[in-house]
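Please consult it alongside the coordinates.

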Amino acid sequence: MAPLAGAEATPPSTNEPRRGPGGWTVLIVLLLLAFAVFLAFPMETVSLQPWVPALQAQLRTVVGQGWPYVAVALLGAIVGLAEIVSTFPNYPREALRTRWAQNLVLVNAVAAPLALAVVQIYAPTTNLILTVLGVGIGFQAIIRTRFTLAKQIGGSGEGDVSLNLGWLYEQFQNLCKTQIDLELMNGRRTAVTRLIERYPTLAELHDIAEYTVIARATLTSDEEKAKQAELDRLFDPKAPANVARTGLALMILENGGQAYVDLLLSQPAVPVKSTSPESVVKSLIDRYSLNDLVALALRLMTSQQEQNWVQQAAQPAPGMNEASQKAFIARFLVERIGAETALKAMTEPPAE
Amino acid sequence: MKIELDDKEQKVLNTLARSGVMSPSQVSAETWILPGDTLAVIKSLADAGLVQMRDDDDSTDGKLVALTAQARDLLDVGSKQQMRLISKR
């Protein structure tokens with residue numbers, strides 16, 4: 001698996017059992033349910049220690065007064081999540097896993113209740129539910145409001161003493177986004193490098209990249225065409241091979257996502273066998289002259305049609321040199337009789 | 001839009017559409033088109049913007065050929081009979 005650098009949700013390899021995100025969610029939901037049951041259950045009718053109903057009454061009061069702040073904090077956190085997802089649309093899950101994304105969500109969850117407190121001070125009589133919704137969703141606008149603490153008498157406003165929390169919040173937001181981007185960049189670099197190590201040939205990378213475009217169900221026709229045009233640009237003959245490889249690997253990551261890259265990397269690498277068609281074709285090219293290769297092909301291929309093809313392929317043709325002719329004939333031979341038969345024929349002397 | 005393709009060009013495009021990126025020798029072995037003709041066809045298709053051929057050290061003949069977006073578009077649309085690839089007779 002290719003972990004994203006800085007993505008802390010990716011667990012290190014350890015033998016100790018760890019609770020996954022699903023486990024934590026279930027635990028939190030169970031605790032919340034238990035808390036809700038405790039608050040709702042009529043303790044007064046049951047004979048219990050006297051401190052239990054007293055605690056319940058106190059908690060009910062706290063919850064009654066505190067729910068708007070909790071609700072607004074949740075809405076603020078959701079706004080933070082949405083901001084990160086919209087800023088990093090290609091890597092939403094990976095972005096949310098970074099430490100700085102968690103910081104931003106946390107700050108949102110804290111800033112929103114503060115904004116609610118300010119609104120309640122300025123407008124204590126407004127409808128509470130509407131205020132909670134308005135502040136939860138639009139608290140950033142409230143934060144950006146300049147709160148004037150002292151106004152200059154008769155001045156133009158430049159001498160006023162004011163609190164500009166919005167500037168501070170924006171700086172923090174920008175810092176978080178930059179740090180998330182840097183963490184993601186590290187992760188992307190790691191994933192791209194590992195993809196190229198695992199799939200070193202341009203042909204493999206191109207085929208996988210093309211698959212990630214075709215297989216995506218949510219792409220519109222125009223988006224698919226744009227991505228195919230990008231694929232052509234990356235495969236451009238003028239682009240150096242290493243640039244093309246990196247570009248194709250990055251395209252696979254962006255289109256397929258980190259999970260798909262992890263899946264690709266988890267596939268066991270198939271060792272290149274000496275009997276693979278590529279290896280046998282290379283051996284034939286290296287070992288035989290054009291005339292010898294033609295003779296071998298004519299000996300191994302019995303069909304008249306195949307023999308005619310080989311003889312014609314060995315004739316001089318514009319744009320072809322001997323090395324090219326050998327490559328074409330060797331490939332044709334391996335495709336027709338199979339790599340293993342060709343390899344066997346190379347190692348065994350011809351029958352008399 | 002009409003693009004006129006001869007039999008060999010159609011054969012090469014269909015082979016690439018079916019098999020993905022290939023070396024010219026693989027195209028030749030698959031289609032039975034002779035080596036010189038294969039390179040000429042690929043060059044003609046590249047000039048028409050339907051394929052790209054680039055150098056590749058991993059390929060036994062040092063080259064790779066791939067369909068372009070334009071060719072994929074033509075082949076897909078052609079299969080839906082909204083556009084026709086007309087063979088030269």
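Two residues are in contact if their C-beta atoms, placed from the backbone, lie within 7 Å. Among contacts in chain A between residues at least 6 apart in sequence, those joining residues at least 24 apart make up 68%. The model is predicted: local features need pLDDT of at least 70, side-chain atom pairs count only at pLDDT 80 or more, and totals for chains, interfaces and linings use all residues. Residues are numbered from 1 along each chain as its sequence is written, with chains lettered from A and ligands numbered from 1 in the order in which they are written.

**Chain A overall**
- Chain A has 14 helices and two strands (DSSP runs numbered from the N terminus: H or I of at least four residues, and E of at least two).
- Of the 352 residues in chain A, 26% are buried (20 or more other C-beta atoms within 10 Å of the residue's own).

**Contact between chains A and B**
- Chain A contributes 32 residues and chain B 25 residues.
- On the chain A side, helices 7, 8, 10, 12 and 13 each supply at least two residues.
- Helix 13 of chain A gives the most, with seven residues.

**Helix 7 and helix 8 of chain A**
- The axes (lines fitted to C-alpha atoms over the stretch in contact, with angles from 0 to 180 degrees between N-to-C directions) come within 10 Å and cross at roughly 170°.
- Helix 7 of chain A is therefore roughly antiparallel to helix 8 of chain A (an angle over 145 degrees).
- Helix 7 of chain A contributes Ala209(A), Glu210(A) and Val213(A), while helix 8 of chain A contributes Glu224(A), Lys227(A), Gln228(A) and Leu231(A).

Key. Buried ≥ 20, exposed ≤ 12 C-beta atoms within 10 Å, placed from the backbone. Parallel < 35°, antiparallel > 145°, perpendicular 65-115°, else oblique.
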